[in-house]
Amino acid sequence: MILGEWARRVWYLMHRRRFERELAEEMAAHREMMGERQQFGNALRLREESRDAWISRWLDEAFQDLRHGARTLWRTPTFTLAAVLILSFGIGLNLAFFQLLNVRVLRPPRVRNPETLVSFDRHSKTFRSNGIPYPATQFIRHHNSVLSAVLTSGGGGVVWGDDASDRLGALYVSANWFTELGYGAALGRVFVEGTDERPDAPSAVVVSHELWRTRLQGESDVVGRSVRINDRPATIIGVAAKGFPDLEQHDPQLWLLLHQIDRFNPGTDFKEAWGAHNTQLYARLRPGITPAAAKDALRATVGELARLRPAEFRPDETLEPYSGHDGFRGPRDHKELLTVALLIGSLTLVVLMVVCANLSNLILSHAIARLREFGVRAALGASRRRIVRQQLVENLLLASLGALGGLLLGYWCVRILAAQTSTPRYLDFAPDWRMATAACAIALFSTLLFGLIPAWMVSRRDLVAVVKEGGHQTSRGLARARFRLMLIASEVAGCCVLLIVAGLMVRGLQRLLMSDLGFEFEQVAVMDASPRQYGIRGEAARAYWDEVKRSIGVRPDVERLALASQAPLGESVSESMYNDASRLRVTNMHVEPSFFQLMRIPLLTGRTFQPSDDHRAVIISRRLAIEMYGTLDVLGKGFPKSKPDRTIIGMSADAPLIEVGATTVAEQYSPIDRDGYADVLLLARARGNPEALLTPMRAAARAADSRILARAGLMKTDFDERLRTRRLASLVAGVIGLLALSLACFGIFGVVAYGVAMRTKEIGIRRALGADAASVVRLLLGQLAFPIGIGMLFGTVAGVAAGWMLARAPFYLPSTDVATPAVALVFFALTAIIAALVPASRALGTEPLQALRHE
Amino acid sequence: MPRDVGLPPCTLNLIILRVLRAGPLHGYAIARRIQHLSKDELQVEEGSLYPALQRLLVKGCVKADWTVSDTGRKVRVYRLTASGRKQLDTELAEFRRSTWAIESLIETA
């Protein structure tokens, strides 16, 4: 039976030596019995044929090759180490990138059936918003035919315990949040639809696994414990499961019921406000309903909403669905992400190719040094194919080691990157089968790339003749091999691209950090008191802020105060789009007159707001003026151009407050209207250190109304956060560029030096024939100029193309950089010259007679 | 002089198994037995015998053990296994069928 047969084969393999010995004894006995005179035949061949019965020849030979390869690699540790290291680097980089892509882009969030889960944004011709008023979500919940469940979330931080500064991230959710996403509790229970929505249900909170482990010391009796949230009592009903994902990557520590939000924020009108944008809407589609079908079916619902509340909803609005399968990203974001991914992916692939070119050279040199060995093997009867195969196996071994190293390096890199970019904790970066497959694929690919061609090249030589010559031969054949020169060229090209891109990224970042942003934020503190949450609205809110400003304003270290509807560089933005300037996204801000001076945004023409201005006054930024009107002379014109309902009273300099360095955004400022005071933030510019203002600001907020627990921070922190990823990316790019440069120099050095060493004999001949040292050197260097030049040309062209692509969103890098390719050229040329000179001088020093010895 | 007639390779297995049906033998004895039973018509070379024996070992048709022969020499004796017996029957039937087919062809064509 087949199983038995394989078992027997394995048994043979394990006791191979013994069986072979026994066979030899058996045949010796046979010979004896036959009598010495008779022929027995080629005993060795007999043994081999017998062996073939047990294991197929190629398997046996493969094992032999493996053992031989391992021994060879072990005997040349420097070569092996160098090769494995640079291969690990190339593979690891690709793996790290792939894993990041995998986790952030390709993997849908780990919830139940992400394909049937969608999120909804409000879309209309003039605005988009991902926030829907809470009463509208309830209306949609009860007036649709295509959704089997509706989930909502909203809210922000809360205060935990008795300490007012102990703020935690919290999320208010609908009662079906956990069950719909498919997660239960690690301890206790999660929210339950129906029971927890009753008006007399106790205030319930679910804590995150992380919070339970750290703040609550992982005690098992937390369920049922009473805690204070926003200074209100609540009962812990359970601990969320470890790794419970958050759909918006805010990493909340607590979950509370949206239904009970007014218990923790008394006086808030969250649940009744129709004009707010405070809730995120998710839903599970009924079986068989596609997102597009849901969008169509919900048009009727939105139409009803428009009839009910014509002030807040327009009849042409739609609810735009985003599938959970794509991570709730819209097609535009998805495409952008993929573009970025593709770009970075190509860069890492280029690195890999450079690495492989390098390795190829290394291996080729290594192989040529062993030509004598191959010659001997060929003389002993090894077929060409066998020798090539042995080389391949050796390279495969190298590649496997490199892949292993790459996997480790890649995983380690990803962990570091994840920690640096504050990726939410629940994203799991553990290598999965996809990454392992990628590792194997890359290893195989690189083996073919660097291993096959040298092996083939070696096999083409007349190996026996090599033995005769003792390993030193003229430079014909291999040295003239166009292949090696091509390798130099491709290395140079690849490194050029990498260097150019890296240089661009670094320069772009420099420009960002040191250039004029259009506003000054280093000394500014921001406070968010959210009076609306406490039921303070309209005139009461205005009075509240007046009180707060008065108490802070008397401090000598406060230079200026201003209220604003949004925090510059903050998270929540309200954008408008205008048909007259369709290319731009316009930040819509409501500010006090002192805002411009506080943020140091100069007013180019016109004036700032005055108390007499009402909502009809507007100040627009320079870019918006040019885009919409084509001129800078816009004072007094109606705004927006086609349907003017406001008048422009001033034009400000560009100050991209929502996205640093962006070129397709503009700003628009209006005065704060009567109802707007409930939603504004307070900005304060300090004369000295802005940190000193934080506590007094919070105290003032509390003093003006004892219920209010405000949040205060520095604008600088937000800026740093925003830039952190980009800074990191530039750093990484810089490091990669430098590494690529050194790799290229290393490779060029190796190839050139070896090539020159190979031509020792030729140099000897030339010298014997009367050539002087200078002309020999000139000849050598001249031949190198061609491949390096070609490589530079291709590399620069490709690099410029890459730079042009990177000049667009979302990188906004400067598109021309002459310095970097020039530096690269100098480096490469220098390296090549040194690489040629060192062995050349040695060759020139050799006695011509010795060089001619084998003629 | 007995020559080695070119045997089709499958029949070698058949012959060896058939010879072993009578009882276990060591390698040299198998060769001698074949030569003897075929009246010196068939002489199996060592180059064919031992590889064939190894293949039979892989397939599990025979088992081999070391014993001491009557002359006191250490020899390896091959014996037929149960699956070997089955294999023998199958191959015998196959062989008879094909020879009958070839014979009737020669007779009638």
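In which loop of chain A is A:Pro640 found? A:Pro640 is in the loop between β19 (638-639) and β20 (646-652) of chain A; helices (H or I, at least four residues) and strands (E, at least two) are DSSP runs, numbered from the N terminus.

## Basis of the model

This is a predicted model, in which local features need pLDDT of at least 70 and side-chain atom pairs count only at pLDDT 80 or more, while totals for chains, interfaces and linings use all residues. Residues are numbered from 1 along each chain as its sequence is written, chains are lettered from A and ligands numbered from 1 in the order in which they are written, and side-chain values use heavy atoms, with hydrogens and water left out.

## Backbone features in chain A

The peptide bond that joins A:Phe639 and A:Pro640 is cis, with omega of about -10°. A:Ser530 is not a glycine, yet its phi is positive, about 45°. A:Ser530 lies in the loop between β13 and α17 (538-553) of chain A. Most residues other than glycine have a negative phi, and most peptide bonds are trans.

## Interface of chains A and B

Contact (heavy atoms within 4.5 Å) involves 20 residues of chain B and 20 residues of chain A. The two chains bury about 2000 Å² between them, 60% of it on carbon and sulfur atoms. Buried area here is the accessible area (1.4 Å probe) that two parts lose on being put together, summed over both. In chain B, the residues that lose the most area to chain A are B:Tyr28, B:Tyr50 and B:Val58, together 33% of what that side buries.

Chain B and chain A share three salt bridges, each a side-chain nitrogen of Lys or Arg within 4 Å of a carboxyl oxygen of Asp or Glu. A salt bridge joins A:Glu25 to B:Lys74, with the closest N and O atoms 4.0 Å apart.

On the side of chain B that touches chain A, α2 (27-37), α3 (46-59) and β3 (74-80) of chain B each supply at least two residues. The largest share, ten residues, comes from α3(B). By class, that side has nine nonpolar, five polar and six charged residues. Ala, Val, Leu, Ile, Met, Phe, Trp, Tyr, Cys and Pro count as nonpolar, Asp, Glu, Lys and Arg as charged, and the others, Gly among them, as polar.

## Sheet of chain B

Chain B has an open sheet of three strands in the order β1-β3-β2, with antiparallel pairing; two strands pair if DSSP finds at least two bridges between them. β1 (25-26) and β2 (62-68) are the edge strands, and each pairs on one side only. β2(B) and β3(B) run antiparallel and are joined by seven bridges. B:Thr67 has B:Val75 in β3(B) as its bridge partner.

Helix α2 (residues 16-34) of chain A packs on this sheet and touches β1, β2 and β3 of chain B. The direction of the helix makes about 105° with that of β3(B); axes are lines fitted to C-alpha atoms, for helices over the stretch in contact, and angles run from 0 to 180 degrees between N-to-C directions.

β15 (residues 575-578) and β16 (residues 581-591) of chain A pair in the antiparallel sense over three bridges, forming a hairpin with two residues between them. A:Glu575 has A:Thr587 in β16(A) as its bridge partner. β16(A) also pairs with β21 (residues 665-671) of chain A, in the parallel sense over seven bridges.

A:Asp528 and A:Arg711 form a salt bridge, the closest N and O atoms being 3.3 Å apart. This pair links distant parts of the chain, with A:Asp528 in β13 (residues 524-528) and A:Arg711 in β23 (residues 711-714), 183 residues apart.
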